[in-house]
Amino acid sequence: MGLLILFLILIPLITAFLIPLVDIIFKKIRKVIISLAALGELLLSLQLMITNYQAALTGELAIEYLLGGWSPSLGIILQLDNLSLVFSLLVSIGMCLIIVYSIGFIGHHEGKYYVLLFLLMGAMQGVVLTGDIFNLYVFVELITITSAALVAFKRNREGTEAALKYIIYGVIGGLLFLIGVILVYFNVGSLNMTIVAERYNQVNTVMKATIAVLFLSSLFIKMGVFPFHYWLPKAHSACPSPVSAVLSGILLKVFLYIFIRLFWQVSGYGLFVGSGLNYFIIYLSLFSSAIGHLLALREDDIKRMLAFSTVGHMGMIIAVLGLNTPAGLFGGLLHVISHLLLKLTLFIIVGYLLQFTESHHIADFNGVAYRNRTVFIAFIIAALGMVGLPPLPGFFSKYYILQAFIETDQHLSAILLIILSIVSLFYYLRYIFRGYNLLDYEKGTKPRKVRLVLSVFYRERIVTDVIYASTILVITSGVFYWLFKQPLLAAVRGILGIQG
Amino acid sequence: MAGLFSDFFRIDSLNHLFAATGLVVTFLSILSIRANIEQRRLEYFLTNIVYIISFLVVIYSRNWLVFFIGWEMVTVSTTLMLLWRSRGLAGQYFIVQFLGSSILLYVVLVAQKAGYSEIILIKEIWLQNLLILGLGMKSALFGFHFWLPPIHSQAPAPVSAILSGWVVKLGLITMLKLIPGGNSLLLILGVLMIFYGGIRALRSSDYKVLLANSSISQLGYIAIGIGSGTVYGHLGSILYIIAHGLAKTGLFVGSGYLIRETGSRSIYQFREIWKKQRLLSVSILAGFSSLIGIPLFIGYNAKYLVKYGLKGELFFTILLYAAGLLTWLYSLRFLYWGIFKDLLEKKRNMDSLKQNYSLDRADRLLLSIVVVLLLMGGLSSGVLTSLISEKVFEYHLIEGLMENIIYVFISVLLLKKAGWYKTKDNEVPSLDSLFNRINKGLYNLGRNLYNWIYQDFQYQLLWLPLFLLILFLWVNFISG
């Protein structure tokens with residue numbers, strides 16, 4: 001069983017190195033190989049979930065694999081518990097959809113694209129599965145490098161600028177993380193998460209606080225919380241849509257996983273509560289959420305709008321996690337699932353729709369709905385899910401998040417989040433109405449030439465099919481949200497260390 | 001499975017009664033599709049089915065989450081129905097309803113925290129008041145009523161019938177289940193609604209706006225019945241919900257035919273309706289009779305019970321008599337201008353008696369059903385109340401008749417003196433300008449915020465040392 005975990009990381013890595021070879025030998029089977037790899041990864045995750053479902057429900061799930069057989073204090077350990085199972089499954093599902101979508105969407109430099117995408121996928125799985133902090137750092141840097149290259153993938157001015165900004169912020173974040181890792185090693189003498197967690201009480205308070213501050217700032221940079229959100233809208237809008245979907249939908253959730261893993265299971269959240277920093281985290285991320293949603297209101301570029309909305313939702317998740325209650329963690333994890341699915345769906349739909357417009361500007365969005373009505377209805381469904389309309393997944397996570405805030409008597413925060421959900425309705429409706437707006441076509445004064453932005457749209461069928469599949473996934477995950485309840489609650493118990 | 005079902009839903013005779021009324025209202029509005037919905041009738045019908053399922057969920061549910069899901073599905077399905085008029089209208093309605101359900105979501109969560117894990121009677125007054133505010137937007141209680149006249153008057157006739165006849169009642173039905181011992185806030189809001197809606201109805205020249213304003217006024221009676229907290233008041237508001245549901249549905253559906261017939265919505269343009277459309281006029285008469293509360297119609301019994309519930313309080317009794325006069329005034333004014341004016345005039349123009357719209361079998365059936373139901377409800381109110389309560393009532397029909405005769409004299413006198421109160425044709429109320437302003441305001445808010453937050457790149461990077469400094473200071477010195 002342990003070996004299977006290793007394969008979750010190895011499959012994408014091997015595929016990444018296989019693609020250049022395949023390109024040399026026989027280019028045409030590349031898409032077969034990548035689809036097989038994505039599918040294999042998904043099946044492997046599903047297999048792990050199905051065989052361990054009972055253990056996951058009781059919270060006893062703990063599968064380990066020692067790399068090279070070295071004991072934990074020396075070697076690297078891979079481990080799978082409830083939390084990593086949830087995130088690993090999410091990464092697999094999301095990446096499978098994105099990779100199949102990319103087959104239809106990306107039409108140029110495909111070789112490089114898939115190498116980077118699979119490396120990114122391997123790195124994300126590695127982050128989720130590793131039990132060693134330094135190993136975690138290595139995977140984080142791998143993520144930064146591959147995703148920066150993907151941000152610049154369009155090779156235009158905008159993309160390069162965004163990638164430079166992204167890499168500056170990413171490197172600073174990585175550096176802070178590395179300093180934190182070094183301090184942990186010098187004070188604890190080991191980098192294995194379990195051992196660090198056991199010995200962490202012996203570290204003196206100032207050092208603990210310093211380490212926590214370093215990790216916190218690093219992760220806030222990576223997650224795009226308010227003073228460090230500047231890179232996010234740029235990076236998430238400059239790249240091709242499937243990459244935006246990966247960055248906005250999946251990658252940020254992986255950093256959220258590191259946030260939970262480090263601060264709850266390694267250092268213990270009590271540290272923050274003791275120093276009052278938990279309120280700092282909650283209110284800063286709520287502020288960040290407000291900033292994200294309000295800035296999305298003015299955004300005339302739909303992809304930047306979605307990116308700002310991501311800032312808003314990430315702030316909401318971090319705030320509710322910061323409450324450190326079972327209800328808060330449950331709501332946060334549920335929102336991770338729903339935001340991942342919905343944002344991914346929105347980005348891939350927008351990627352499709354923007355093929356019919358000259359630019360990303362809202363003025364060019366007029367009448368887009370008539371290009372493909374079904375896809376636009378999927379867009380409306382995903383947008384309403386994001387706003388929080390039952391029975392779509394966004395509603396249930398919003399419900400539990402608000403419940404968590406009200407349970408801890410934070411009524412103002414709950415009211416703020418409700419107002420922000422109304423604000424988000426406004427900015428989505430703006431684009432929905434634009435989509436149905438036929439003004440420019442009706443007037444006839446300015447005949448619009450519709451030009452395909454890239455000459456890549458040669459497998460439209462795959463693109464639309466993936467869009468429908470993910471929309472169906474969104475709807476089913478909303479209707480059957482109660483299926484997640486037991487495993488997530490078990491994961492929450494694991495995080496908080498509550499037995500039974 | 002049965003256990004799971006009863007966890008989420010409560011099956012009792014009161015809920016059956018509401019569900020049956022809701023189904024009748026929806027059925028009546030579907031019957032009038034022919035005159036009002038030209039395209040995509042199948043889709044319209046399917047939307048209606050979704051709507052039926054969701055309002056049944058709202059009525060029967062005992063679990064807050066299920067209730068809320070049903071509530072939002074009602075919003076979505078009615079929004080979809082409004083698409084048959086225009087996207088803008090549907091968007092406005094959706095935003096307003098989403099605003100209302102957002103407030104409700106907060107209130108529901110607060111109620112859950114206060115220990116009410118189910119939809120049951122609530123004891124705390126503050127929580128009751130909060131719930132009234134939460135349900136207020138959907139039920140267009142006073143203060144939240146701004147959206148009702150524009151949207152109900154612009155919607156297609158069958159959709160107006162559903163919205164005005166049933167959807168606004170859902171909030172009041174929920175209040176009925178939550179507020180046992182009366183609530184003074186609801187009482188005050190109810191009185192304000194009766195007079196506000198009545199006066200606005202008296203001044204309207206557009207038939208559908210008049211009906212929408214009269215809806216606000218009539219909802220006030222239901223609110224008063226619930227707010228009074230007496231058994232009679234409660235029973236009265238239950239009967240009132242049924243009575244107003246049927247009457248307003250009939251009137252709104254009738255307004256569709258009337259507008260098709262005359263080609264105008266202004267009540268001054270309605271010509272020779274009594275001659276041309278006899279059945280339609282009879283149904284309108286029956287509808288208004290029920291609204292006014294003329295004996296033999298169900299509206300009379302409902303109004304009688306609500307009044308009886310407030311008998312002890314002199315102030316409210318006087319207000320209710322005044323309200324009765326107000327209802328007579330706006331009804332008579334409409335009946336004069338809309339139906340009987342040409343009959344009463346001596347010099348008549350007989351050459352334009354050709355019908356522009358002829359009722360077909362479904363339309364006739366629909367209008368007859370409305371009249372029959374209004375009369376039957378009045379004659380068999382005892383049967384309806386016996387489903388819920390053991391009490392037997394004497395409705396004092398003769399005294400009610402006398403009272404109404406006095407009202408007629410006074411109101412005819414007043415209206416004649418005012419020349420039947422002809423107002424100027426004003427524009428159909430619309431939320432467009434409001435929403436334009438909101439949109440612009442929000443956009444500017446975002447832009448200003450953006451200009452404030454986004455500075456040059458080097459300043460953006462300066463946040464990092466600042467952030468680290470604050471955090472280090474915080475953990476090392478401030479928190480000690």
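## Basis

The model is predicted: local features need pLDDT of at least 70, side-chain atom pairs count only at pLDDT 80 or more, and totals for chains, interfaces and linings use all residues. Residues are numbered from 1 along each chain as its sequence is written, chains are lettered from A and ligands numbered from 1 in the order written, and side-chain values use heavy atoms, without hydrogens and water.

## Strand pair in chain A

Strand S1 (residues 63–66) of chain A pairs with S2(A) in the antiparallel sense, over four bridges. Strands (E, at least two residues) and helices (H or I, at least four) are DSSP runs, numbered from the N terminus. Two strands pair if DSSP finds at least two bridges between them. A:Leu66 has A:Ile77 in S2(A) as its bridge partner.

S2 of chain A spans residues 77–80, and both its faces are covered. A:Ile77 and A:Gln79 are buried on one side, A:Leu78 and A:Leu80 on the other. Buried means under 20% relative accessible area, exposed over 50%, and partly exposed in between (1.4 Å probe, protein chains only).

## Largest pocket

The largest pocket has a volume of about 1,700 Å³. Its lining counts 46 residues, and B:Thr79, B:Leu80, B:Leu83, B:Trp84 and B:Ala90 are the closest to its centre. Both chains give helices to the lining, including H18 (411–436) of chain A and H5 (64–82) of chain B. H16(A) gives the most, with five residues. By class, the lining has 29 nonpolar, eight polar and nine charged residues.

A pocket is an open set of points on a 1 Å grid over the protein atoms alone, where a 1.4 Å probe fits, with protein on both sides within 12 Å along at least five of seven lines; lining residues have an atom within 4 Å of a point. The volume is the space filled by probe spheres set on the points, which are joined across faces, edges and corners. Ala, Val, Leu, Ile, Met, Phe, Trp, Tyr, Cys and Pro count as nonpolar, Asp, Glu, Lys and Arg as charged, and the others, Gly among them, as polar.

## Nonpolar cores

The largest nonpolar core holds 366 residues, and A:Phe220 and A:Phe259 have the most contacts inside it. Helix H11 (residues 241–266) of chain A gives the most to this core, with 18 residues. A second, separate core has five residues, among them B:Phe9 and B:Val57. A core is a set of buried Ala, Val, Leu, Ile, Met, Phe, Trp, Tyr and Cys residues joined through side-chain atoms within 4.5 Å.

Leaving out residues up to four places away in sequence, A:Phe220 touches residues including A:Phe228, A:Phe259 and B:Phe467. Contact means heavy atoms within 4.5 Å. A:Ser244 sits in H11 of chain A. A:Ser244 is buried, at 0% relative accessible area.

## Backbone exceptions

Most residues other than glycine have a negative phi, and most peptide bonds are trans. A:Arg155 has a positive phi of about 60°. A:Arg155 lies in the loop between helices H6 (133–151) and H7 (157–188) of chain A. B:Ala140 has a positive phi of about 55°. B:Ala140 is in the loop between H7 (125–139) and H8 (148–154) of chain B, and is buried at 0%.

A cis peptide bond joins A:Pro390 and A:Pro391, with omega about 0°. A:Pro391 is in the loop between H16 and H17 (393–407) of chain A.
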